[in-house]
Each structure stands twice: as C-alpha cells, then as structure tokens.
Amino acid sequence: YGFINTCLKSLVVEKYGEETWEKLRLQAGVQDSFLTFEVYEDEITMQLVDKACKILGVPADMVLREFGEYFFQFCKRSGYDHMLRTLGGNLYEFIENLDALHSYLSLSYQANTEVLVLFVFPQEMNAPSFRVEKNEDGSMHLHYYSDRRGLCHIVPGIIGAAALDFFNIEISMEIVNQTEEEERTGKKEHTVFLVTQTPVFSYKERNDFSSTTQYLADSEKQIENQLNKEDLEKAKNTIKDRGSSVCPVKKSHWKTIRGIITLGKGKLLRGFDPVYPKSLWIDTKTFCNGLPFHMVFDKELRVKQAGVSIQKIVPGLQTMGICLDHYFSIVHPEVPFTISSIQKFINSQFVFQTRREMMPESWKQRPMLELRGQMIWMESLQCMLYLCSPLLRTLHELEERQMHIADIAPHDVTRDLILLNQQRLAEMELSNQLERKKEELRILSKHLEEEKKKTEALLYAMLPQHVANQLKEGKQVEAGEFKECTILFSDVVTFTNICAQCEPIQIVLMLNSMYLRFDRLTTVHNVYKVETIGDAYMVVGGVPVPVPTHAERVANFALGMIIAAKGVQNPVSGNPIQIRVGIHTGPVLAGVVGEKMPRYCLFGDTVNIASRMESHGVPSKIHLSSSAYQCLKYKNFEMTERGEIEVKGKGKMHTYFLIRNKTATENEIMGRP
C-alpha cells in the first residue's frame, strides 16, 4: 500500500530535504505522492530504496535499517501506538504476536497485508512470518521468513526501535544464518537473527537499582526475624493444600515467603494457581455444538473429532480417521502440512483453506472457506487441537459462501468482527475518496501555481516587478524621477528598403531572430528593456532600480548587440544585417501610462538625445554623447572622438564612438561560458 512509500518519502524529506526527494523520485521514475490504501507495485519501493543508496552514497543495509527505525516512529505517529504497545509485556511476547497482528490487519486491508511493524509491501503477497526461540543465556533466536529478498535489514531497525521505546532495552541483532527454503516453506528467504538485550538505565535509575537490591537483601533478613514460625508454617500449609490438585513445584524458602508477603507492607497475598477438575464436566455433544469450528487430529493428521458446523460444510469430516490434509491446505504460515512443522509455528495463527476437489457439488462454485485459529498440542493425548473460526471479512463474503451469522457460535467474536469490519470498510472507502479528492486538489493547486508563475513571468517581462506587484494589488503607481541613467536606442540600417523588397513574414522572422539575441543580452548585463517599435530597440540602465554602474552595463550591452547582429541574416542580400546604436546619459521621469496594455515609459530630454545619437550614428558603430563619454571615461573602455556634428533640434554636439571593453573578452560580453 501507499503507506510504506509515504513513509519513505517522509524520511527522505525530513532528514535530507525536499530537493533530495525530488531528485530521488525522478531517478526512480515514480510519482510525488501516494494514497495510503492504494496498492502499488513492489518495484516502486525497491527502486526508491536502490536510488536512495546511490544518491546518498550509503550501503543498502544501512538505508534499510534507518528506514526500519523511522518506520516504527511513523507508525506510532499514524495512530498505531496503542495497538503496538499491547502486543506483549516484553520483547519476546511482542515478537511472538507479530504474526497475530498481521492476521488481524489482513481483515482491515482485505489482503495478506504487512501494514505496521514490518514491510507494507502487499500486492497479493503474504506477510512475513516470525518465530522466536529463547536461549538459556537470555538471548533469543529470531527466525524471519519473507517472500521478498534483501529486506531482512529492516527487521533490526524496527525491532530495535520497538525494544528501546516500549521496553527500555537496547538490543543487538546479528545474522547467524541466511538461507533460501522455497521448497520447504514456500518462502524465498529465511533469516535467523541472534538477539541480545541490554537494559537501559539513567544515572538515577542505576542508583535506585543498587539501593533496591540492598533493600531487598535487608528486607529478607528483617522478615525472617519478624515472621512468626507458626504463621509461616500456616501459610505454607495453606498454599500446599490449595495446590494439591496441581503438579507440585518445589519452591525455595524465599520464593515461598515472597509468594505470601508484600515486602515492606507485610500483607498476605493470594498467589494464583489454576484449579482443574478431576474429570471434564462437559459431554462430547455439547463440546462439539459449543465449539462448532474445531478439529482434533493426531500425529498422522488423522481426524479424531470435529465441530458440527465444520462437519456441515465439509461432510468428509464425519468419517473419523480421514486425513486432514486431504480436505484442507495451510494458507498461513506457509509450512508443509506435517505435525512437526505445525509445532514449530505453534504460536502463530493458522489459516486453513478447504480443497475444492473435496467439497460437495453445491460448494464447488463458491469461494473456498478459510478457517483461522490457534493450535494447541495435547501432550497426554499426543493430539493437536485446532480452535478456529471462519475467516470472513465482510457480509458479502458471508453471502458468497451461502452462510449466515447463525452458523457462527454466539460467543464467537467473528460475528462482531464481520459487522464492525463492514462499517470500517465503508469508512475506509470514504477515507479513500477524500484522499483521492485531496490528491486531485493538490495536483490542481500545483498546476495553478505553475500557471501563476507563467503569468507572472509574462507580466514581469512587460513591466518592472515592483511596478507589476503594485498594479496586481490595485495600487496606483506613482511616477519616479531618476537623476542619472543611461539610455540606448538601436535600429537596422536600410530597414525601409529591406521591407520594400521582402515578404512580411521574412521581416518578422528577421526581427524575431535579432530581438531574441538582444533580449538574452539584457539578462546578461542586467539592463531594462523599455520597448521595441518596428526595428527600433530601446533599453535603459539605472531604471527602475538605480545603480551606479548604469553606463558600464549599457555600454557592454551595446558591444554585445554589435556582435549579435552579425548572426542575423539580411533577407535581401543574404549578408549579416547592420545596426546603428546611440547612447546618452542624463535624468528621466519614469511611470506607468494607460490602463489597457499599460507600459512603463520614460520621459525627458534624455530620451530625445539618445534617439538623436542613434539616428545620427554610423552603421555598426556605437555613438556616444559627451555625457555618456564622461561616465565611461575612466572605466576601461576604448573610445574615439568623432568631433562636432549638427544634431537635429539640438544644434552642434561633441560626440564619440565606443570601440571596445579593454578588460572583458567577447565571451564575457556575450555571456557565454
């Protein structure tokens, strides 16, 4: 399910950042988000793990272990904390009940799911299986069986995190054996871990523990002195009498005392010892009716006894002595149908499925019945008792098998589970719908954000950003005065003649090719493009953001224009086009004009003089006014004097030509790498 992939994404984002996750998912070729109850291919998760190893430069076993530790915390945050805590009172019981947890979750997820604690990689696959053995030295051997190869390193991460969080112990897990046992168990991987435990004490706890040990020793002496011998003997006799019907267990002197005394309080305690009747006070008929789904079989799998409901569904069981494996197969755990294999996994919940070929004709068109329950070995009879119930998740499954609630014993909680799960599935479907809608909204929001960025980019290409933002907010943009800026004009030489001899589309293509080059240069040199009118191109430096280097920026931009124009072909002659460029420095007034297609315009005599510099210029030359020359005079630019010329509307003016930048290369001017 998507739960596992969501957890993996959360881990990467939390520890390594959004950029790392984006890089990882793109390399793995997977989507950005996952629906919790949606089934995804195992390959997606494996790809993510593989790419994470490569991107982070960490071995797979370390990635999986870290993921295991994080997954445990992720499950707790997702609302499974209480469910996990109640699995067992110690680590042994916790691990021993993992298979039972997986069995329960299969009801909720309608598949052999591995949600929680171990590997959410379903897709019609079995959950992993666990078998734990205690050793005399306090260590344990944990047997881990899984359909999926290479994932065993998640186990130490999850089990280690659970041990520290729930039981305050640190563990070390070492792989002592790793084999493939496909033929024997149907699983692909069987890994055996040696688990050793170390309690974790704080400084205060260590001191408390030491003082408690001394206190217990002192208390034993104190109680020994205080206890009246007669009372002690009386207490012993009471326990002895109560336990006479049970197999006697020899207890030490102090174990007896601890069993009847609360240290420090002196109160008598009633220790618990179960009492069994000398004979079973229930007849065979009542037992088979009261437990309608149960079976007893011996070492050779011969059926000795069966409940009435299971006999009704599988009539062959009415013939005592038939072999159980002829009528049933073991679905979970995936072990051979032998008494020794069943004893090995006796703490697991067993799921049996009826064999279609052995069922009555009326059942052969229905889905096969599955039974789920526990195995109990009866040593005195050398037989196995299978206490079970029908494995039914919904009312629909009940109807498919043409069964009724009445077929299940009133005391069997399967009745309640079917009804409760029916409601839960409805809630889950509603949750899925909400999650899908949420995902659709997220995608729409993402697309909307992308379109917004495109719109803003287009708007910022037409107007300065701060001006555009003010207009978006509905504010009036005040005109601004700039005491000094540098303005540039350019046009194409003999543009009128070219237009007269070419098709309009050729002119458009020529101008577009030229303006694309010029536009790129505005970004390189950080100057503001004011407008284009026909073949005329106008830029300014120092507006709308005042900068002291406005003249140098425009000068470098102009040098780039001359070089760029050589790459644009004249559609008439086939030769590179020629442009004239004029530059002037001075004060301007700038503001937004109009409501329909508003433009950011410049006003003042500086604009007129810059235009005159261009119109009185020379092809492929950069014409400078005296004020522009003064700004560039000591800025590492090579310039030559043109002298006095007659300028229309201005009279005589002393002008110059800009030749080159003495310190910048052509690649730097053009913004090439």
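Predicted model: local features only at pLDDT ≥ 70, side-chain atom pairs only at ≥ 80, totals over all residues.
View 1. The residues that line the largest cavity are Leu8, Leu11, Val12, Tyr16, Ala52, Leu56, Val63, Glu66 and Phe67. Sorted by class, this lining comprises 8 nonpolar residues and 1 charged residue, with no polar residues.

**View 2. Helices that contribute to the lining of the largest cavity.** At least two lining residues of the largest cavity come from each of α1 (2-16), α3 (42-56) and α4 (60-85). Among the elements, α1 gives the most to this lining, with 4 residues.

**View 3. The largest pocket and the residues closest to its centre.** The volume of the largest pocket is about 650 Å³. The pocket is lined by 24 residues, of which Tyr460, Pro464, Val527, Tyr528 and Lys529 are the closest to its centre. Two or more lining residues are given by each of α16 (414-462), α17 (465-472), α19 (504-525) and β12 (528-533), and the largest share, 5 residues, comes from β12.

**View 4. Residue classes and domains in the lining of the largest pocket.** By class, the lining of the largest pocket has 12 nonpolar residues, together with 7 polar and 5 charged residues. Domain 3 (413-462) and domain 4 (477-670) each provide at least three residues of the lining of this pocket.

Definitions and conventions. Residues numbered from 1 in each chain as written. Heavy atoms only, no water. 1 Å grid on protein atoms, 1.4 Å probe; cavity = no way out; pocket = protein on both sides within 12 Å on 5 of 7 lines; lining within 4 Å. Nonpolar A, V, L, I, M, F, W, Y, C, P; charged D, E, K, R; others polar. Points joined across faces, edges and corners; volume = space filled by probe spheres on them. Domains from an automatic or database assignment.
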